[in-house]
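Subject: Structure handover

Hi,

Here is the structure for you to look through. My notes come after it.

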Amino acid sequence: MPGFSESFGALSPTVHGLVVSSILLPAAFTSFFAGHLADKVGRLNAITIGAVIYAVGAAVEAGAVSLTMFIPGRALAGIGEGLFLSTVIVYICEICPPERRGPVASLVQLLTTFGIPAGYFICYGSVNIESSYSWRLPFILQAVLAIALACICRFLPSSPHWEIDRGHPSRAGPAIDRLQLDIQQFQEELESARRTAGDNREPEAQKSYQRLLWVLREDNRKQAFLGMFLMGAMQFSGIDAVLYYAPMVFRQAGLSSTQSSFLASGITGIVIFISTLPASFLSDKWGRRTSSLWGAGTMAFCMLLIGSLYASGSVHPQHGAARYIVIVAIYLFTVSYSITWSVGFKLYVSEIQPPQTRASASSLAQSANWVSNFLVALITPIFLDYSSFGAYYLFGISIVGTGLVCWVYMPESRGKSLQTIHREFDESLHVKVISAIGRGWIGCTKKREVEEPKRLECTGTSISELLNLEKARQRSS
């Protein structure tokens, strides 16, 4: 914006990159600890803390009088964003029944994609304000929305899974009633969770500390590492390269600067939002695994096609059909990503985590996403400057690798309880990996059937008994 340049002066490419990325690394750092905070103080309290910090950071940005004030404001906003973003998905997965979890959790991504064109048109409208408010107004709106989120969290029901896990059945009962959950289904999930986790009776402080290490336990780390890989792979698909550097990409294909700016900032955001609509409402119809594999195939085709056209010298700025093929392929890639990976991966990563490590593992996965985001933002302009096709081949090969990982290691999670997903995830790995190297998995299944009764013996007082006792106490009082 001209008003921003008047306030801070013209930015060199290095300073420009520093300003853009100053929100990413703090978000990646705090995401490592977001799960621990959510386990300690609760899902809603963690979201509230992150939203308030983000609001303060946005307010500092809005009131900045120099870059030495503006950049720390962005860093503070990144700290808040890293705290609340991964916790939101965990909270939604824990309060939704399996048959509605996909569409509800997908609303987060839908609203995110709505924010892309909304942010563009807000800036488009404010750019004509003849004062520094032309660039301050968007940050003021960010601060207001963050405070609104923090206030709304005070009126939402707590996660009954978290309340039971922390030994508060008296608080879980009212939350279950407000959420209108199937009490029998909820009891079965929690009983299964206790059988999976074992009869842990550590002191609360020690238990809270050990949750940070439980992610690395043998029965948890497969899901955690897969979640980190998938969230990182989302960025190495090249989607943020298209969003951040779309004007450069379209200019490379032969469009004028004015045309590329409009296509990149306006139409691209609208296309992403419209594409996410069916994915949000049909996520439980398509399935996580199926949509991930179809998305990988389509996106890899688009990226490798673009790279091949540039490598062969077929794309000319002033003539030829190849430049239009590039533009169509970019939009096809964007639509494919919005329908498949953008919705499915974020939901799946939270679904596959065991109950006792769900928040911590999800926050680590979100942190991997931020780090990958930073790396892509850093290397894309370098690739585009030195090679017209190198970045597209890099992203295409990354998508192919991710698709292979999904095909081998990704069991379906659609419409299943969180604890059932955990068991089937482990069993699916045995089927795909152990049988692939010549071992029969029948012995593993028999061993599982023999060991299961022993695990049932250590469940102690059932969750249903705790909830029924609490409800009886409330009726008598």
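This is a predicted model: local features need pLDDT of at least 70, side-chain atom pairs count only at pLDDT 80 or more; totals for chains, interfaces and linings use all residues.

Residues are numbered from 1 along each chain as its sequence is written, and side-chain values use heavy atoms, with hydrogens and water left out.

**Overall**

The protein chain has 23 helices and zero strands. Both are DSSP runs numbered from the N terminus (helices: H or I, at least four residues; strands: E, at least two). The chain has 477 residues, and 49% of them count as buried (under 20% relative accessible area, 1.4 Å probe, protein chains only; exposed is over 50%, partly exposed in between). Take the contacts between residues at least 6 apart in sequence: 81% of them join residues at least 24 apart. Contact means heavy atoms within 4.5 Å.

**Helix 18 and its partners**

Helix 17 (residues 322–339) packs on helix 18 at about 30 degrees, with the axes 4 Å apart. Axes are lines fitted to C-alpha atoms, for helices over the stretch in contact; angles run from 0 to 180 degrees between N-to-C directions. Helix 17 and helix 18 are therefore roughly parallel (under 35 degrees; over 145 is roughly antiparallel, 65 to 115 roughly perpendicular, the rest oblique). On the helix 17 side, S336, Y337, S338 and I339 meet W341, S342 and V343 of helix 18. That contact has four nonpolar, three polar and no charged residues. Nonpolar covers Ala, Val, Leu, Ile, Met, Phe, Trp, Tyr, Cys and Pro; charged covers Asp, Glu, Lys and Arg; the others, Gly among them, are polar.

Helix 5 (residues 67–95) also meets helix 18 (residues 341–351): their axes come within 10 Å and cross at roughly 65 degrees. These two are therefore roughly perpendicular. I89, V90 and C93 of helix 5 touch K346, L347 and S350 of helix 18.

**Aromatic pairs**

There are seven aromatic pairs. Rings of Phe, Tyr and Trp (its six-membered ring) pair if their centres lie within 6.5 Å; planes under 30 degrees apart are stacked, over 60 edge-to-face, the rest tilted. Y310 and Y392 are stacked, at 5.7 Å centre to centre and 10 degrees between the planes. Y310 lies in helix 16 (residues 288–311) and Y392 in helix 20 (residues 390–409), so the pair ties together parts 82 residues apart in sequence. Y310 is buried at 9% relative accessible area, and Y392 is buried at 6%. Elsewhere, ring pairs link F70, W135 and F139 into a cluster.

Best wishes
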